[in-house]
Amino acid sequence: MTDPVFTLLYIFIFPGFVFLVAYALFLSFLDRKIAARMQQRVGPPFYQPFADFIKMLGKEVIDPDGVDRRLFDAIPPVVLAAVMTAFLYIPVIGYSPLAFPGDLVMVLYLLALPTIALFLLGWLSRNIFSAIGGIRAVTQLFIYEVPFFLALLTPAIMAGSWSISEIVLWQQHNLWLVFLQPIGFIVALIGLQAKLERTPFDIPEAETEIIAGPWTELTGRRLALMHLTTEISLVTGSALIAALFLGGPMIPWTFSDPWLNGAVGFSLFLAKTLAILLILSSIKAATGRFRIDQLNEIGWKYIASAALVQVGIVLVINYLWVTP
Amino acid sequence: MTGTVTPETIQEMLRDFGTVEQVRKNRIRVSTVPGRLHDAIMTSQAVLFVDRLITISAVDNGETFELLYHLIGPHRIIITFVLNIPRNSPVTPTVSDILPPAGIYERQIHDLFGITFGGHPGLKKLMLNEDWPENEHPLRKDWKPGPDTFYGGIKVERS
Amino acid sequence: MSVLREMIENLLSRPVTILYPWAKVPIPATFRGRVAISDDKCIGCSKCSLVCPAQVISMIDGPREVEFKGKTLDRKKRPQVKVFKCIRCGLCERHCPTGAITLSPELSQTGTDREILVT
Amino acid sequence: MPEVVIPIGPQHPALKEPVNFRVIADGEKIVRLELDLSYNHRGIEKAAEQRNFIRVLPLLERVCGICSHSHATAFAKGIEEIMGLEIPPRARYIRTIIAELERMHSHLLWLGVAAHEIGFNTLFMWTWRDREAVQDTLEEMSGNRVHYGMNEIGGVRCDLTAAQVTAALSRLPVLEERIKQYIDMVNSQETLLIRFRGIGRMSREEALKYGAVGPTARASGVDYDVRRDDPYLAYAEVPWNVVTDTLGDVYGRTRVRIGELWESTQIVRYCLENLPEGPIRVDTPKNAPKGEILSRYEAPRGELAHYIRTNGTDRVERVDIRTPTLANWTSVAMCLVNQNIADIPVIVAAIDPCLSCTSRLTVVNRRDRPRVAGPHTPLSGNRLFGRKGEDSP
């Protein structure tokens, strides 16, 4: 941690930038492949998301008439940076070297940034489809964010810490939180699906209704970066849920060799994120899209109350058991 | 209620409105005049339970335009009201006020045959594009594409 | 639930897509593809060019001798098809008195030969 | 939020057809809409007057890319009636088989499209995969997947061999199994139910008043099916039921279409099993006598009417085609008012619009489109077509 070289390596090479982009593109491929196979299609080859990314980087950037170009250019890199930063606080091979007390809250806020950015993009685009999409994105944000936050804060309450790495450590000593908080886990998965704007929550970019919502006017590298942002959000979100509910990369025993320790932890991390991706892909394939007013009703009536119930249960458990 | 409606009763009822003939086992053809059409349709709606307009067909038979209103009710007998409209002043009252679906068919006929339906709420171009020349109606028998006219941006090449 | 069950079944089975250039798509024998004309049978009656709805069959000069009903006929015309305008309705095949013009089960507008563009 | 105008079409991912809706929305609610029907005039009716009966059938088949058999059969059956011909039973059965297979592939296509409109792409892929089985059968029987070219005046062009009948029968159980699955899925898939139920509701009276046809009308409880009311082909001899529903919404239309899918498999099975022997066509005179006929046909989308007039030559004097989609537009425009923007694709797709049929008549590209209804007034059938003085808001 104190070694600057190690920190730089952490940020830029291994769990950071390079690995993160590669893994995000791979997960994106896997997501598409699983959906395709569930529909008995062939699906894309493994390099397809990467090829798409490169292709879009090379495409012409078109500025819609009357758009503030600087802001339009600035938003995608900013949100990309935000979700990438968020990933650094999630333990991948072990304890995150950047962890600090309260990083969970920061990660959650960084993950909320892309939605706000989408709203901004939609609003800036001066296009009716984008504007409606942006409004829908924010409306949806208000619906899913509360239950999502509640569901992700219950592990913190139970572990008695606001640091993701601390929660992971707590799980190593006790039990995976998914067994203690199944409702919270389900709500968190639904919230993540909504945050990533995947079916049935792809209301802001509903293709058949409003073309692509806020994405309509995005072209070239802006589109590439925004796509990368969503893909990295997918990694970050599933890593976060894996860390908070499935014990992250921690294993209950330790090997004498630290390298082996790290490798096993890392493979556990991969396995858990892939499992979460499988669930998310299945939800995506098995459902149609809600309407925004229907989502409003479902979100506040059922999902939010489920999250509240989970918080209550956790408080009771804490009172009876964890608190000395 | 519909059991009483047979081709015979229909012929009986519509005798007042013009020449009635049964052209098929389930089709009655009534030749009437534009002025009586409204009453004829109202009568068939009220007495013969006609509830549906199948279509309005238009035919250019040289001297006149023929309009055929095909109506049907739960008795499943088609009643066709035939109008003959002079070619030089093709005007007839609309029936879209008593049969809402007629509006779209009348606009179609207005475009393609140039028949004006008096009292139609919005007899605008539906089928042909905006730069279609006025007074050219493609389904009239004597219509030929003009050599230097653009039809929807396309000039017709005569071979 | 039936959706979920079928999704899992599909995930474990092979995709149904035929990867076309590598795997052949089965074409039924009745498929109406490219027009094929056999000069031996054609008696040059020009019936095909009369019924063709797309008017792509024209009679061109093609003097040759044809065996028909035991007699040897001297024929001056043969049909020519503009393949790219053909709509493959099969009316020429239906109305050909000798079965000289047929629709083969080959794809119509593909190939590398100059010959296939005009039959 | 002020009212906004949302253009939908002619290029839009939901409606891959040349139609333009200008939806005036208040937030997510549709206040009123302006309808531009079409952008593409093909002049088929004019062209049909220039061709003889042999050459006109392929042209009429190309009126529509989905219900090609419908147009050709409606025309052929009209001309045969004018000529006073009785086509052989085998020809009638073969026409029925093709017609019902066409209905199956159309309804499967529709089910997929409807699922796609609500983002349920898995069902979309599955129905289109199963549609392939129907299309393969059609291709084997007729030689083409879409334009079957089976009809000619006086019968059908190609006979069904025993091998084709066996192959088709062997495909049916799989399809029946799949259709049962779809019935199950549509009744149990939560997001599908939540998006289809209560959307675009039309009462029986409204359906009659605005002249809805086909599954759209039958879903509203209008018991109207030309196949039964004016039996043609083999429908009088085949046991089958008219599927109706009382819900009147998109869900009801889905149920009607799936029910019709099931009925179609049964009709096809019966026809294949009871295919009469005999010739497949009769000799026809070259010219048709002078006469007129309103030939009605239950296309997959609803009642199709061909008004045919002959003049004693080998050409028609006039053929007036009224497509089901044109009849359904009035009702769809009525359905859309006061609905959600998100429901436009579903409601429009629910009538299974086929602009190819409808716009055989049309070229539209107007800048000053008519206002079709005043602000905040519910759209009635009359107002749909605009009133004088409402051109400018």
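This passage describes a predicted model of a complex, from its chain contacts down to single residues.

The predictor assigns the complex an ipTM of 0.85 and a pTM of 0.85. For chain C, the average pLDDT is 80, and 89% of the residues score at least 70.

We may begin with the way the chains meet. Four pairs of chains touch, and among these the pair formed by chains B and D has the most contacts. Other pairs stay apart. Chain A does not touch chain B, and the nearest C-alpha atoms of these two chains are 25 Å apart. Chains B and C do not touch either, with 14 Å between their nearest C-alpha atoms.

The contact between chains C and D draws on 16 residues from chain C and 18 residues from chain D. On the side of chain D that touches chain C, at least two residues come from each of helix H2 (53-61), helix H5 (121-142) and helix H6 (162-188) of chain D. By class, this side of chain D comprises seven charged, seven polar and four nonpolar residues.

Chain D also contains helix H11, which runs over residues 250-273. At 1.5 Å a residue, its 24 residues should span 34 Å, and the 35 Å between its end C-alpha atoms agrees with that expectation. Of the 24 residues of H11(D), 19 are buried, so this helix is largely enclosed by the rest of the structure.

On the H6(A) side the contact is made by Pro155(A), Ala156(A) and Ala159(A), while H7(A) contributes Glu166(A), Ile167(A) and Trp170(A).

Along the sequence, the elements of chain B follow the order α-β-β-α-β-β-β-β-α-β-β-β. The C-alpha trace of chain B spans about 60 × 30 × 25 Å along its principal axes. Chain B has 159 residues, of which 43% count as buried. Among contacts in chain B with a separation of 6 or more, 49% join residues 24 or more positions apart.

Within chain B, Arg24(B) belongs to strand E1 (residues 19-24). Arg24(B) has 15 other C-beta atoms within 10 Å, so it is partly exposed. From Arg24(B) to Val59(B) there are 35 residues in sequence, and the C-alpha atoms of the two lie 20 Å apart.

Phe68(C) is part of strand E2 (residues 57-68) of chain C. With 14 other C-beta atoms within 10 Å, Phe68(C) is partly exposed. Setting aside neighbours within four places in sequence, Phe68(C) contacts Ile43(C) and Leu73(C). By contrast, Ile8(C), 60 residues from Phe68(C) along the chain, has its C-alpha atom 63 Å from that of Phe68(C).

Note on methods:
Residues are numbered from 1 along each chain as its sequence is written. Chains are lettered from A and ligands numbered from 1 in the order in which they are written. This is a predicted model: local features need pLDDT of at least 70, side-chain atom pairs count only at pLDDT 80 or more; totals for chains, interfaces and linings use all residues. Two residues are in contact if their C-beta atoms, placed from the backbone, lie within 7 Å. Helices (H or I, at least four residues) and strands (E, at least two) are DSSP runs, numbered from the N terminus. Ala, Val, Leu, Ile, Met, Phe, Trp, Tyr, Cys and Pro count as nonpolar, Asp, Glu, Lys and Arg as charged, and the others, Gly among them, as polar. The expected span of a helix is 1.5 Å times one less than its number of residues. A residue is buried if 20 or more other C-beta atoms lie within 10 Å of its own, exposed if 12 or fewer, and partly exposed in between; C-beta atoms are placed from the backbone. pLDDT is the predictor's confidence in each residue, from 0 to 100.
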